[in-house]
Amino acid sequence: MTNTILNFQTATGHEILAAAGKKYLRPGGRIATEKLFQWANFQPGETVLELGSSFGYSAIALAKSYDVRVVGVEKNPDSVACARANICVAGLENQVEIIEGNIFNLEAISGKFDYVLAEAILTMQSPLGKAKILAEIHNRLKPGGKFLSHELLATDKEEQIHVDLARVIRVNSTPLSESNWITAFAKAGLQVEKCQTDSMNLLNLRRMFQDEGIFNTIRILWNILTQRNIRKRVLEIHQVFHKYQHELGYIILCAVA
Ligand SMILES: C[S@@+](CC[C@H](N)C(=O)[O-])C[C@H]1O[C@@H](n2cnc3c(N)ncnc32)[C@H](O)[C@@H]1O
């Protein structure tokens, strides 16, 4: 397994949270993902392409609960190795495949899919990057296929949030308002059928218990308390989340190609 040493100064926010032990890195947590899956109405044997599949948790949950086939694309070799190990433990090697690759090169993936799933990945792209990926998502979907999306929402102060977030999570993070997300999807030929928004509680204790369970939450808190490098970065991120607690949220969208 590849095991890159993390530079705590330059690492991205999700790498820092993962180093603290956080498994769920999406802004609406498990509850939002489950809602998105309900909307999808997956049928056994259907195909899902997941962008930024990280440790494989969503891919595994999908394959287990809905008997679908999943292909994940992930660029971080450590996450790819971890996802493959998790898939092996779950006994899902014949149903879930993780490709080490870049979501800017989706044309390299053969075939068309019934669904594309992307959680906490579009937000971190520039406006041009979002447009390029959305167009490619449209190309990877079968006619009538669904794009399932779970991202950060900015109900106000988009520009200010972009600057502050990019500084603390070291990624060009650009959350959009509901109408701007819907417009960006529509420009790529993806018509939003369902959409839901709520507050963003990624680092909220109650949400952490829901997403991670009691033992992993204790482990995460312990790592934050005892590891200075992690603590410093998590506190910076937490401050920005707190500063924009009334403007930052999550959005889930189900769009049809
Ligand atoms: C914030 S995490 C979200 C992970 C997962 N989807 C979840 O919700 O828990 C974003 C993931 O996307 C991956 N990623 C970021 N940019 C990527 C790119 N250009 N191509 C492929 N994967 C990428 C990161 O390595 C990371 O695992």
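Which residues of α4 are buried? In this predicted model, the buried residues of α4 are Ser-79, Val-80, Cys-82, Ala-83, Arg-84 and Ile-87. An α-helix has 3.6 residues a turn, so residues three or four places apart point the same way. The cover over the buried residues of α4 includes α3 (57-66), together with the strands β2 (69-74) and β3 (96-100).

After α4 comes Gly-91, a residue with a positive phi, near 70 degrees.

**The ligand shell**

There are 17 residues around the ligand, and those that come nearest are Arg-26, Gly-52, Ser-54, Lys-75 and Glu-119. Sorted by class, the shell around the ligand is made up of seven nonpolar, six polar and four charged residues.

**Packing of α8 against α9**

Two packed helices are described by the angle between their axes and the distance between the axes. For helix α8 (residues 205-226) and helix α9 (residues 228-243), the angle is about 105 degrees and the axes are 5 Å apart. Because angles of 65 to 115 degrees count as roughly perpendicular, α8 and α9 are therefore described as roughly perpendicular to each other.

On the α8 side, the contact is made by Asn-223, Ile-224 and Leu-225, while α9 contributes Ile-230, Arg-231 and Val-234. By class, the residues of this contact between α8 and α9 comprise four nonpolar, one polar and one charged.

Definitions and conventions
Residues are numbered from 1 along each chain as its sequence is written. This is a predicted model: local features need pLDDT of at least 70, side-chain atom pairs count only at pLDDT 80 or more; totals for chains, interfaces and linings use all residues. A residue is buried if 20 or more other C-beta atoms lie within 10 Å of its own, exposed if 12 or fewer, and partly exposed in between; C-beta atoms are placed from the backbone. Helices (H or I, at least four residues) and strands (E, at least two) are DSSP runs, numbered from the N terminus. Two residues are in contact if their C-beta atoms, placed from the backbone, lie within 7 Å. A residue is near a molecule or strand if its C-beta atom, placed from the backbone, lies within 6 Å of it. Ala, Val, Leu, Ile, Met, Phe, Trp, Tyr, Cys and Pro count as nonpolar, Asp, Glu, Lys and Arg as charged, and the others, Gly among them, as polar. Axes are lines fitted to C-alpha atoms, for helices over the stretch in contact, and angles run from 0 to 180 degrees between N-to-C directions. Angles under 35 degrees count as roughly parallel, over 145 as roughly antiparallel, 65 to 115 as roughly perpendicular and the rest as oblique.
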